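I open my notebook with one structure to look up.

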Amino acid sequence: MVRDGTANHPMIGPMSSEANPDTRIEQTAARAPARVAPAPGPAADGGGRTVWFTRLVMIGIVLAAFNLRPAITSLGALLEEVRTGLGMSGTVAGLLTSVPALCFALFGLAAPRLARRFGPGAVVLAGMIAITAGLLIRPFAGGTAGFLAASALALMGIAVSNVLMPVIVKRYFPDRVGSMTGLYSMALAVGTSAAAAVTVPLTQALGGGWRVGLGFWALLAAVAVLPWLALVRDRRGGALPAPASAPAPAAGGGADRRAPRITRSPTAWALACFFGLQATGAYITMGWMPQIFRDAGVPAGTAGVLLATTMVMGVPLAFVIPRLATRLSSQGPIVVVLGACGLTGYAGLLTAPAAGAWAWALLLGISNCAFPLALTMIGLRSRTPAGVVRLSAFAQSTGYLISIPGPLLVGALYQHSGGWELPITLMAGLLVPQIVFGVLAGRDRTIEDETGMRD
């Protein structure tokens, strides 16, 4: 799993068989914490306590994962109503769709330090509370500034939880990392898709007010707080790892003297640019796709379902693409295929956005699976645990910073041109360098070879 700042993301989880030579990524990630003294897991108390404790951890992981994207995709489904209700310009709305990437880049880097001080479990609990508070406050903030601040609060909670959830998974399920990360991945995808598909009809059922429709998701986030409260309180069960169990190298510090100087690696830069460009496309899609379809005459509810369709494509393909990538010496061909799907989807949005809406949504969903491919390549481009952690931190933090201007620029172009021709052309144009950098990052080499880092 590669966090939204670590080398461990749920999308790589399905590769769990240790007998399979294609499990290189998961094995590397599993070895990464070896330098840290293991804290007692749920088995420490034995007996029936282990059973309920393990189930509680699983429930906490699933509920947390479910709540890591609705703050973004529920807003995308109601963006037009939010803009009208708050008097937002297209540029400000574009800024709003850039906030997730900014928060993930900034707050994700702070998560390892917080975990070292307070423990990962406590920080995840704080993250769930921040998500709940942000989602509850933002619909009723009363103005654009308050709406942006409340959204940032929720996204801060998402960022730190994204980073630290893999630590929880590896701590309590060391022999089931693959199955648990698969479960985590599916819960995340379900939450992403559900918020996109359900928000509009739910808003209509609750009386048609966008504030109530957005605020509803705070209730589900509040439910996710409950198991983490129990886990943090139950010190005897080892639910809260000691500060020493946090992944110290995750922030790119000097804990490992053999860590490579990432900035000297052309592959690291190519992978960071590839990650940033695919993240740009993903956040533009989540923030603006429903509006594109609605402006083409597609009903609001259908537009939300189309976004959900795009998002849910990541569930099956996240199991397929990493396995395929590990069987190839170069991942360039996969990069090209995904890019071609995206170019076809954008061409369809330009020529027949309503008539072929479902086809374009599917194609763009396939193209967005450059995300798990990028995460897989992070594991493939390094041989050592230290290298994986450093490469992950560099590629993702740099990548998310690269992705910030994209949604903002799309909003500005939409406002000033009055249509979607220029914004969609920009989206398609960004796929060209994405393909180029992806092919470069997919070459069969490692950062150790390029930087002189010893195994």
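Where is valine 432 placed? I found valine 432 in helix 19. I keep in mind that this is a predicted model.

Next I asked how open valine 432 is. Its relative accessibility is 47%. Buried means under 20% and exposed means over 50%, so valine 432 counts as partly exposed.

I then looked at the surface around this residue. Val432 belongs to a nonpolar patch with Leu343, Val436 and Leu440. Together these residues have about 300 Å² of accessible area. Helix 19, residues 421-441, gives the patch its largest share, three residues. I noted a general point here. Residues three or four places apart in an α-helix point the same way, because there are 3.6 residues a turn.

I turned to helix 18 and checked its length. Helix 18 covers residues 405-417, which is 13 residues. At 1.5 Å a residue, helix 18 should span 18 Å. I found its end C-alpha atoms 18 Å apart, so the two values agree.

Which residues of helix 18 are buried? I listed Gly406, Pro407, Val410, Gly411, Ala412 and Tyr414. After helix 18 comes glycine 418, and its phi is positive, near 75°.

Last, I took in the whole protein. I counted 20 helices and zero strands. Of the 455 residues, 60% are buried. The protein exposes about 16600 Å², and carbon and sulfur atoms supply 66% of that area. I also checked contacts with a separation of 6 or more: residues 24 or more positions apart account for 83% of them.

Technical notes
Residues are numbered from 1 along each chain as its sequence is written. This is a predicted model: local features need pLDDT of at least 70, side-chain atom pairs count only at pLDDT 80 or more; totals for chains, interfaces and linings use all residues. Side-chain values use heavy atoms; hydrogens and water are left out. Helices (H or I, at least four residues) and strands (E, at least two) are DSSP runs, numbered from the N terminus. The expected span of a helix is 1.5 Å times one less than its number of residues. Buried means under 20% relative accessible area, exposed over 50%, partly exposed in between (1.4 Å probe, protein chains only). Patches are made of residues with over 30% relative accessible area and no salt bridge: like charges are joined within 9 Å, nonpolar side chains (Val, Leu, Ile, Met, Phe, Trp, Tyr) within 5 Å. Accessible areas come from the Shrake-Rupley method with a 1.4 Å probe; for residues, only the protein chains shown count as cover. A salt bridge is a side-chain nitrogen of Lys or Arg within 4 Å of a carboxyl oxygen of Asp or Glu. Contact means heavy atoms within 4.5 Å.
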